[in-house]
Structures are given as C-alpha cells and as structure tokens.
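Subject: Handing over the structure

Hello,

I am passing this structure on to you, and my notes on what was found in it follow below. Please keep it open while you read, so that you can look up each place as it is named.

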Amino acid sequence: MRSLAAGASERRYMLLAIEEARRALGRTSPNPAVGAVVVRNERVVGRGYHSRAGRPHAEVEALRDAGPLARGGDLYSTLEPCDHQGRTPPCTAAILEAGIRRVFVGSDDPNPLVSGKGIRRLRSAGLTVAQGVARPECDALNTEWFHFITTGRPHVTLKAAITADGKLASGNGDSRWITGTAARRRVHEVRSQVDAVMVGAGTVRQDDPRLTSRIRGAHSPLRVVLDGRLTTSPAQRVYRPRSSGSLVVTAATAGSSRRTQSFSARGIEVAALRGRGGRVPLETVLSLLAERGIVRLLVEGGAELFGEFVEGDLWNRLLLFIAPKVLGEHGLPWLCLPRGRRMADALILGAFQVEQVGPDALLRIDRAKTAPVR
C-alpha cells in the first residue's frame, strides 16, 4: 500500500507537530518552520522542530527523541521531508534508517529541490504516506516562506498605528503614542517573528525609533533604513546596538561619499544601489533582502513608503492598529497613494480580520487574491 487516508486521530497528532513547529516560528529563515512527532501504539514517543537554518530538521530531531521506539512507528511532519543534501543530510534517509512504518505529511513543499521528491522516495522504499493532513493549519505556518520560495521576494507586511480617522501623526509629526501599551507590546511580538523591519529616512529623522523587539530572550530583526540621500545620522537609535544588525540602503555612491564613510566608520552596513533622484526601486531592495535570506519583512513607515509598496503591488499583508482617537483635518494620513477621485478608482483589498488589543483594534488585511503578483 502506497498511500492511506487520514482521520481524526491523525489530525490530532499533526496538530501536536504544529505546536512543535511554532516553537521556532520566525527564527528559521531562510528555511521554513517545521515540526514533527513520532507515534507508536497510539502514544507520542518523539517530538522535534527545526530550530534554525543549519540545525537538524524537525523529522531528524523527532526521530532522535524517539530513539529505538521509532521503529515500526508513524512519523507526522508538518512539511514534506526533504530528499537532498543541503546544510544537513536528507530527512528521507533518517526516516528509512529509523524503521518508520508510515508517514503523514501536512504541507507539500514548493521548493524545487524538494517538491514531491521526498514523498516519492519514501513510497518507492515501501512506506505508506498520507498527504494533506491538517493542511490548512500546516500551510498557515509557512505562508510567508511559500511566498518567498515561489517569488524570490520577501513576504511584506505593512504595519501602522493610526487614529480612527486614519491619521498616522498630528500635523507637527507627533505620533507618541497613538495606541496603548497592549498594542505596542503586540508590535514587539510581531517584530520578534520577522527577519527584518524597514522604515524610511523620514521616520528615522522624525521619530528616532529603535525598531528592536523588546521582549526578553526574543529575536530582534535586522533593521533596514531606506535613505536614498543619506540624510539620517549614524548616531540615531535605529543603528544601535550594532549586535542586532542594521542596514542602510541608499542611492549615494559607495566609497566616495563622506556620508557613506561616516556610517562605515561606525560599523554600520551601507548598501548603495542604483537609483534615480535619490530613490532606490523597491523591487531592487526586495531582491537584495531576498539574497540575504530575508523571508519576512515588516514595513513600519512612513506614509510615502507605504504608498510605494501599495502602488507597486509589492505588499502581502496589512496590519493596522486603530486607536479610538480622532485628530481631524490637520493630522497626517498614514498612506500617500495617488488614486482617482471616483469610488470606482478605489484600491480593493482582501479579506480582513478584527481583533481587540487593549483599548485599540487590530485590523489584519491580506492582499486580494485577484491583485497582480509581480
């Protein structure tokens, strides 16, 4: 028998594997988040997850945890096991060596190095395999990674804290604080699960943000500043501490600009890309980040940068933290987006979810499926 059906108990075990995968969510890039469990005689005897790139994969960790009890048992993996030699050996070899009898898989792997090969290898060796067990939940684990591996660009989330009338700041640029402590705490959680956070030079000059994840023991993302003319100061907080990493992307000429040298002298990385009028095309920036293994990118402003991402169809998700406050006509809008004057010209977004976060609301919107993908 080469395949088998999955029922309620199989789904329950796969949900346990999902719990394992979530233990390293946001820390495995450029690899996906994967969890696995080994079951024998209806008892979980091994658990494992992929902790970070270069470390053993989830299946291997679960098999090691199970030890001899893996022989004759079932393996549940949230993602198709790999069958190629990368930074670690193929998982299929470990599965076969451990004497696993059946394999249950949640998500198919779209990576051309893996896609379908792991399943075929296991079936050709006589193992029975079930695919698509708790697929929606398994797919949700790696939505961002699937986008990265199929498009070659990071998954982009735009995040803004705004008033109920859509203002990002008061007329003089004051934005502290629009939302309450619970919403700001959630932002730190979001940062801890992305690879990089990006802002424009105007936001750095106005707000002097740190952009770190201030959760004890949590991962802090790479901080990326789009500063086409190098108008920010290397002394600003976004570039400290150097241990958590920062990157300035500019259109200034590297090596000849005194401003560039002032950043380099402080150990701050500067990437000089070809651009016009002091602006670097976002697609070029996203390609640069993808080459660095950035899977999840969080963009935190400002309004012009948000507009560039939206107008260029380069965004995937929108997180709006909305406070029960009104600034009125003198407030600054959160999005600079040239559109028509008619309702028919409005940009159509995708499905949304609303969550209460302290006194504020969190509106999550995914880009409409019909929107062009470039």
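**Pockets**

About 670 Å³ of space lies in the second largest pocket. Before going further, please note that this is a predicted model, in which local features need pLDDT of at least 70 and side-chain atom pairs count only at pLDDT 80 or more, whereas totals for chains, interfaces and linings use all residues. Residues are numbered from 1 along each chain as its sequence is written, and side-chain values use heavy atoms, with hydrogens and water left out.

A word on how such spaces are found: rolling a probe the size of a water molecule over the atoms shows where empty space is left. Here a pocket is an open set of points on a 1 Å grid over the protein atoms alone, where a 1.4 Å probe fits, with protein on both sides within 12 Å along at least five of seven lines, and lining residues have an atom within 4 Å of a point. Grid points are joined across faces, edges and corners, and the volume is the space filled by probe spheres set on the points.

The second largest pocket is lined by 24 residues, and those closest to its centre are Leu25, Glu144, Gln193, Arg317 and Arg364. Among the elements that give two or more residues to this lining are helix H5 (135–141), helix H6 (143–151), strand S13 (317–323) and strand S16 (360–366); helices (H or I, at least four residues) and strands (E, at least two) are DSSP runs, numbered from the N terminus. By class, this lining has ten nonpolar, six polar and eight charged residues, where Ala, Val, Leu, Ile, Met, Phe, Trp, Tyr, Cys and Pro count as nonpolar, Asp, Glu, Lys and Arg as charged, and the others, Gly among them, as polar.

The largest pocket holds about 1300 Å³ of space. It is lined by 49 residues, of which Thr203, Asp207, Glu300, Gly301 and Gly302 are the closest to its centre. Helix H8 gives the most to the lining of the largest pocket, with six residues, and the lining divides into 20 nonpolar, 14 polar and 15 charged residues.

**Salt bridges and a buried charge**

The structure holds 19 salt bridges, each being a side-chain nitrogen of Lys or Arg within 4 Å of a carboxyl oxygen of Asp or Glu. In one of them, the side chains of Arg186 and Glu355 meet at 2.6 Å, N to O. Arg186 lies in helix H7 and Glu355 in strand S15, so this pair ties together parts that are 169 residues apart in sequence. Arg186 is partly exposed at 23% relative accessibility, and Glu355 is partly exposed at 35%; buried means under 20% relative accessible area, exposed over 50%, and partly exposed in between (1.4 Å probe, protein chains only).

Another salt bridge joins the side chains of Arg364 and Asp366 (3.8 Å, N to O). Both residues also belong to a network of salt bridges that links Glu144, Arg296, Arg317, Arg364 and Asp366.

The side chain of Asp195, a residue in the loop between H7 and S8, reaches the backbone nitrogen of Val295 at 2.9 Å.

**Backbone details**

Which peptide bonds are worth checking by eye? The bond from Ser29 to Pro30 is cis, with omega near 5°, and Pro30 is placed in the loop between helix H1 (8–21) and strand S1 (35–40). A cis peptide bond also joins Gly301 and Gly302, with omega about 10°, and Gly302 is found in the loop between S12 and H11.

Two residues have a positive phi although neither is a glycine: Asp208, at about 50°, and Asp313, at about 55°. Asp208 sits in the loop between H8 and strand S9 (222–226) and is partly exposed at 25% relative accessibility. Asp313 is found in the loop between H11 and S13 and is buried, with a relative accessible area of 17%.

With best wishes

Technical notes
A polar contact is a pair of N or O atoms within 3.5 Å; within protein, one must be able to donate a hydrogen and the other to accept it, and residues adjacent in sequence count only if both atoms are side-chain atoms.
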